[in-house]
Amino acid sequence: MPHDDMLERSQSLLLRSATSRRHLTDFFSRALSAFQSSTDSPQNFQVVCTAPPASSSHAPASAAGAHDAQAKPLHPQNPAPIPPTKRPHTLIVLDSSFNPPTLAHLRMATSAVHDAIKKKRKGEDEKDTSGLRLLLLLAVVNADKAPKPAAFDQRLAMMWAFAHDVQRALRGEEEEDKSSGLPGPNKQQIHNGSQSEVAEEEQQKQGLPQVDISVDIGLTSKPYFHEKSRVIAESEFYKPPQGDGEEDTMEQVILVGFDTLIRIFDPKYYGPATQVTAHVDDQSRKGTPIQQALDPMFKRAKLRVTLRTDDEWGGKQEQVAYLESLLSEQGLAKIGGSREWAERIELVEGRRDGEEIVSSTYARKAAEREEWEKLRRLVSPEVGKWIEGEKLYVVDVKPGDV
């Protein structure tokens, strides 16, 4: 093909890709506006769209509006929420600012899914994942962090891209560069020894099954975890009509980092640890403010805590020692907590010694400096394409100008 024709075709594909990205951000902008402007009091949580399993008739082939070699769109132009046909028995919740989602988030999500499958109840078919779902949750009100770039609609778009990266990783598929119609780089070029590659190697060594599940993308106006857990549990989205013999229980597995767990157990968010009052919903039950908030949460949810070993939070031994002290009977009593909580908290390893530190802060800095190769070592493939295509975080460039 002549050089001029190749250049023209490349520019045409890039234009279509930019158009598809704009369509997605427009969709998420409308969804966000409708959610934030709602006067309906129960509108504290909403699933705005679902990335369905590849086996589903709703399944898209690409997250970020990519095109195949013939420039045909590969995903539905209008993402939509797809409720479960039966109540999930396990809902894995990854709550984050997604600014942007990183390979650390990818490891948290995929390892939690595989662990949930390994712990399936006796007599259940390991290959049946219909009762397992993943929820990516974005709080538009945060207890600690004020909004900053990227905008919420852009974060939702990155969550949409990230959802497909999670699904691809769970299915054990290699990433392909469909936006150009050309073969993509191999795994070594993409991840360069990153957490994603290590997790994939672990999956192969352990003989973990390929998994195909729905991933929901949700919004909440609740800033605190116990409130988020409650509105998710009350949501009609996860309460389809029950069939005969079906259970009405859904356990939440909430994925958090070490730093987030510290905030969850900080009494300043609840009230004095020495203050004991009757529970607002049950006058016969008394407790401290933190007990009244977290006791109901721990009855419906577990916390899966990933250690965060870096310069800011210290090493693995320091974090494990701190958490063991915090979750001891004496430690929980000191903050006014309940000793039963310790049984509902699981610690899992995060970054290993020698692995590159992965964080949203590092990803933003790489994008700000347009260090795209470095960015690809920090985020998953579709997310990286989205950030580079929209020039997110780049100084003096506004999304939509590209």
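Visitor: Which rules apply to the numbering and the atoms?
Guide: Residues are numbered from 1 along each chain as its sequence is written, and side-chain values use heavy atoms, with hydrogens and water left out. As the model is predicted, local features need pLDDT of at least 70, side-chain atom pairs count only at pLDDT 80 or more, and totals for chains, interfaces and linings use all residues.

Visitor: How far apart are the end C-alpha atoms of helix H2?
Guide: Helices are DSSP runs of H or I with at least four residues, numbered from the N terminus. The expected span is 1.5 Å times one less than the number of residues. H2 covers residues 103-118, so its 16 residues should span 22 Å, and the distance between its end C-alpha atoms agrees at 22 Å.

Visitor: How many residues of H2 are buried?
Guide: Buried means under 20% relative accessible area, exposed over 50%, and partly exposed in between (1.4 Å probe, protein chains only). H2 is mostly covered, and of its 16 residues the buried ones number 13.

Visitor: What is the N to O distance between Lys302 and Glu251?
Guide: Lys302 is partly exposed at 33% relative accessibility, and Glu251 is partly exposed at 26%. Their side chains meet in a salt bridge, N to O, at 4.0 Å.

How values were computed:
Helices (H or I, at least four residues) and strands (E, at least two) are DSSP runs, numbered from the N terminus.
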